[in-house]
Each structure stands twice: as structure tokens, then as C-alpha cells.
Amino acid sequence: MDYIRQMEIEPGMDADELVRMMENCGFGARRLAEAVNIYQEMLSGDYTKFFTLAGAMVPAGMRNIVSGLIRDGKIDVLISTGANLVHDVIEAYSHHVLGDAEASDSRLRDEGVSRIYDVYVGDDDFIRFEELLQQLLPESRDPMAGTELLRHLGSRIDDEKSILRAASDCGVPIFCPAISDSMIGLQAWLYKQTNKLNLDAFSDVGELVEICYAAERSGIVIIGGGVPKNFALQSMLVTPKSFELAIQLTTDRPEPGGLSGASLSEAVSWGKIAPEARKVTVYGDATINFPLMVASALTRLERA
């Protein structure tokens, strides 16, 4: 039987030293420490590395971490909400602004400001986004996969910190299964009114399933839940394989029965995750747990 070790904090501790102190603690600290252990194995082993991105992670400041992981070869497949990709484009030419979560939303609307909790983005940024998308979208008479469309957009973004640009440069496919539920989808629809754009959304399903089939071993990091989480897990479901490593960072709970809060153990019952898989769900704000997990794992890899 292992005993709880009371944490001791010292000046100058780095992220990995802090997380290692959590290994013999309880509750969320222990879960985060286990997430780092699993992530270290995922990054250092021969795994196909899947990464799903939901929630307002880009507006909150997590963008450069994701693009950096792509450029470092630590993400092989990215599945994202459309909103994160929209804000990735906005961040390429503007900045999200720190705001007040308690501000008057009526006043913000009068000032042309949209609020994402305590992050602000202006109407001018969305106008610029709309104008830019109309310039960046391609003409396509032949059916184009969603991954191909996003690769094209990424190739035309100048900012190398962009997630779309990093994925395009590195040949990492980005899947956005609910792309129509975003301003990219809205602008693509408007573009189609006067231009040829033939998008085959279903081809992404086959492309991701093929990647799952080809993966000898696979691991997945799930930020939030939603459509990206389901799209990744259901794609593995239709293969004879399962994810062998799995990390979920979420604020959602399993009791309501929604997928975003569904436990990774529940995914075992579906055959999406292997019964013997190393897995952990870390409950809490991903804008805290995600940077800590990445910083700790990268420090270990550098010191190995």
C-alpha cells in the first residue's frame, strides 16, 4: 500500500518537478500526474497520435501550444471544432482581448464586442475574417474533402504560429466534422452562391477510418468533448483496433449521459478504447491542465 506524500513546494521548481510531486497525492493532482505519464509514453513510443480540440481553446490562449506540437511531430491527426479554426485565422491577423466576465453584455453588443467568458473579440475582426475567407476559399468543380479544404486555407495563412498553417506545412490532416457549424461553413456557403465549391463532407469519414486501420498502435488526447471526440472514437470503432493510450481533459461529468462527459471506461464498452489501455480523465479547466501536462512531458523528453 502506497501512502499519500504531502506536497512540498520549493522556489525554482519547474513544471515537471511540480507534477511529479502530485503522483503520490489524491484527487485531480494524481490524475494529472498519470496523464503526464501516459502522454510521455505516447510521445516517446511508436504511436499514431490523435488529438481532438473542442471548447474555446484558441481564444483562451492555447493556440501556439497546439501548433507547436504539430510542428514538433507530436500530433499526427487533429480533429477540431470549426470555432477553434475560425479563431485560429482571426489570431493570424489580430488578437483576442482580455475582458471582464461580469461586464454588461448589452453594452458590449452596443460597442461591437462579442464575449467568450472573459475573452473579447470585436466585430471588426469578424468582418476582416469574412473578407479574408472570401479571398482564401478555392474554386473546386470536383469533390473536395474537408481536410483538403483546410489544408488549402492553411497554406495561404502567413502566420507560422497558426494551427492551420502548421498542419499544412507538416502534412498533418485536420478533420472538422462539423465545419458547417462555424463561420468557415457560413462563409463557404456564401462563397458557393457565386463560385464553384464542391465539398464532400463524407470523404473525411473514410480518410480517418483509413488512418485508424493503418495505425499499428494509437493514442489519443481529448481536449473537451463534443463532435471532435466522437468523430475520433467512432472512426476507431469500425476497425478491429482500439486506442491503447487515452487522455481526456474535461470539465464535463458523466452523470447526464452526454458524450462530452462520458468516461474513457465507457468507451471500452463500445470497443473504442482497449480494455487494457492506459487511460485517465482529468477533470478541470483544460487551460490549466493542458499546458501543465505538455510542459511536464516535454521536459521529461528533453532530459531523457
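This is a predicted model: local features need pLDDT of at least 70, side-chain atom pairs count only at pLDDT 80 or more; totals for chains, interfaces and linings use all residues.
**Ground rules.** I took local features only at pLDDT of at least 70 and side-chain atom pairs only at pLDDT 80 or more, while totals for chains, interfaces and linings use all residues. I number residues from 1 along each chain as its sequence is written, and side-chain values use heavy atoms, with hydrogens and water left out.

**Entry 1: the whole protein.** I looked up the elements and found 14 helices and 11 strands. Helices (H or I, at least four residues) and strands (E, at least two) are DSSP runs, numbered from the N terminus. The radius of gyration is 20 Å, close to the 19 Å that the globule rule gives for 304 residues, so the protein is as compact as a globular protein of that length. That radius is taken over C-alpha atoms, and the rule is 2.2 Å times the number of residues to the power 0.38. Along the principal axes, the C-alpha atoms fill a box of roughly 70 × 50 × 40 Å. I noted that 47% of the 304 residues count as buried. Buried means under 20% relative accessible area, exposed over 50%, partly exposed in between (1.4 Å probe, protein chains only).

**Entry 2: helix α7.** This helix covers residues 123-136, 14 residues in total. From first C-alpha to last it reaches 20 Å, close to the 20 Å expected at 1.5 Å a residue. The expected span is 1.5 Å times one less than the number of residues. Which residues of α7 are buried? They are Asp125, Phe126, Phe129, Leu133 and Leu136. Seen down the axis of α7, they fall within an arc of 95°, so they line one face of the helix. The arc is that of the directions from the helix axis to the C-beta atoms. An α-helix has 3.6 residues a turn, so residues three or four places apart point the same way. On the face turned away from the buried side I found the exposed residues Asp124 and Gln135. The buried residues of α7 pack against α5 (82-93), β4 (113-116), β5 (119-122), α8 (146-155) and α10 (183-192). Contact means heavy atoms within 4.5 Å.

Entry 3: Helix α7 lies across β4 and β5, at about 55° to β5. Axes are lines fitted to C-alpha atoms, for helices over the stretch in contact, and angles run from 0 to 180 degrees between N-to-C directions. The open sheet here has 3 strands in the order β3-β5-β4, with antiparallel pairing. Two strands pair if DSSP finds at least two bridges between them. β3 (97-98) and β4 stand at the edges with a single partner strand each, so one side of each has no neighbour in the sheet. I found 4 bridges joining β4 to β5. Arg115 stands opposite Tyr120 in β5.

**Entry 4: the parallel sheet.** An open sheet of 6 strands runs β7-β2-β1-β9-β10-β11, with parallel pairing. At its edges are β7 (174-175) and β11 (273-283), each with a single partner strand, so one side of each is left without a neighbour in the sheet. β2 (residues 77-80) pairs with β7 over 2 bridges. The bridge partner of Leu78 in β7 is Ile174.

**Entry 5: Ser182 and α10.** Ser182 lies in the loop between β7 and α10. Is Ser182 buried or exposed? Ser182 is buried, with a relative accessible area of 12%. Not counting residues up to four places away in sequence, Ser182 touches Gly82, Ala83 and Val86. In α10, I listed Ile184, Gly185, Gln187, Ala188 and Tyr191 as buried. They fall within an arc of 165° seen down the axis of α10, so they line one face of the helix. Their cover includes α5, α7, α8 and β8 (197-200).
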